[in-house]
Amino acid sequence: MSNKVAVFRKEHFNAAHRLHSDKLSDAENAATFGKCNYANYHGHNYDLIVRVIGEIDPITGFVIDTKVLSELMRVHIIERFDHKNLNLDVKEFKDLNPTAENIAMVIYTILKQQLDNRYDLKITLYETERNYVEFPC
Amino acid sequence: MIFLTRHEHFNAAHKLYNTGWSEEKNQEVFGKCANANWHGHNYELIVTIKGEIEKETGFLMDAKKLSEILQTYVCEPLDHRNLNMDVPFMAGVLASTENLAIAIWQQITPHLPTNVKLHCVKLYETPRICVEYFGN
């Protein structure tokens, strides 16, 4: 029997953003993104759920120490994203539209680099209570 | 007397910043909430009205009409906007949740029928922070 277990950690951050593509005209941006394209930004309370799957370490009984996972999320994601403007303040979105989809992929890439290769990682990101994305799927 | 409550929501950017203070003082008092390029929230708005039931309709007020008032005078001007820059009724006001709740109260009251009084504006900035305003 596999002794793989999924460990989840939830965090949250509050950020401003707007949806805008440099490849579209102003009119096309407005038509595509609607009020999400408003010039002066809007914002969300993002809820982030990180899932780490791995085998239980026979010595510690842990897949991953949740304190370690929490600290990785705090240092590499929350401190960089919380109370920021994703378009202006977070370098990964300099040329990338900060949709929930792209934010989830960016978070995945950042955390994947910090985790041992033996772990399987999945990101769930809530932009609102009603809109959320998962990566990878 | 009966109470009727309606929930709405809007998403907005803001920053907490007192223009009469230095950058250092703003950072000291408001911390990361003073971030120059704003941040944002999913605001949840809970509005409660009170009054006597109308015999003819059985309603205190048609909840759909209350929703239309909230949409037109509150959510439409606030949703996907920057509270510091885009909202005429917040111009010159520090964009705290407390001040926003009072401004929302003032937006709603002129549009209520005479038999209805506004009882409470409850505004969640995050699931963990909310304010309540009762008009005094």
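The structure, a predicted model, holds 14 salt bridges over all chains. The predictor gives the complex an ipTM of 0.89 and a pTM of 0.93. Chain B averages a pLDDT of 97, and 100% of the residues score at least 70.

## Exercise 1

Locate the salt bridge between K35(A) and D79(B), and classify the accessibility of each partner.

**Solution.** 
Step 1. Examine the distance: the side chains of K35(A) and D79(B) approach to 2.5 Å, N to O, and the cut-off is 4 Å, so the pair qualifies as a salt bridge. 
Step 2. Assign the accessibility classes. K35(A) has a relative accessibility of 39% and therefore counts as partly exposed. D79(B) is buried because its relative accessible area is 13%, the limit for buried being under 20%.

## Exercise 2

Which residue forms a salt bridge with E8(B), and is E8(B) buried or exposed?

**Solution.** 
Step 1. Identify the partner: R6(B) pairs with E8(B), and their closest N and O atoms are 3.0 Å apart. 
Step 2. Classify E8(B): its relative accessibility is 7%, so E8(B) counts as buried. 
Step 3. Classify R6(B): at 29% relative accessibility, this residue counts as partly exposed.

## Exercise 3

Describe the salt bridge between K64(B) and E68(B) in terms of distance, helix position and accessibility.

**Solution.** 
Step 1. The side chains of K64(B) and E68(B) meet at 3.4 Å, N to O. 
Step 2. Both residues lie in helix α2 of chain B, with a spacing of 4 residues, about one turn of the helix. 
Step 3. K64(B) counts as exposed because its relative accessibility is 57%, and over 50% is the requirement for that class. E68(B), at 43%, counts as partly exposed.

## Exercise 4

Which residues are linked with R74(A) in a network of salt bridges?

**Solution.** 
Step 1. Name the members: E71(A) and E79(A) are linked with R74(A) in the network.

## Exercise 5

Characterise the contact between chain B and chain A by residues, buried area and polar pairs.

**Solution.** 
Step 1. Count the residues: chain B contributes 24 and chain A contributes 23. 
Step 2. State the area: about 2,000 Å² is buried between the two chains, with carbon and sulfur atoms giving 47% of it. In chain B, the residues that lose the most area to chain A are N37(B), N42(B) and H80(B), together 29% of what that side buries. 
Step 3. Count the polar features: the interface of chain B and chain A has 3 salt bridges, and 18 residue pairs are in polar contact. 
Step 4. Assign the strands: β1 (2-14), β2 (39-51), β3 and β4 (116-126) of chain B each supply at least two residues of the side that touches chain A. The largest share, 5 residues, comes from β2(B). 
Step 5. Sort by class: the side of chain B that touches chain A comprises 6 nonpolar, 11 polar and 7 charged residues.

Key
Residues numbered from 1 in each chain as written. Chains lettered and ligands numbered in written order. Predicted model: local features only at pLDDT ≥ 70, side-chain atom pairs only at ≥ 80, totals over all residues. Heavy atoms only, no water. pLDDT = per-residue confidence, 0-100. Buried < 20%, exposed > 50% of the residue type's maximum accessible area, 1.4 Å probe, protein only. Contact = heavy atoms within 4.5 Å. Buried area = accessible area lost by both parts, 1.4 Å probe. Polar contact = N/O pair within 3.5 Å; in protein donor to acceptor, adjacent residues only side chain to side chain. Nonpolar A, V, L, I, M, F, W, Y, C, P; charged D, E, K, R; others polar.
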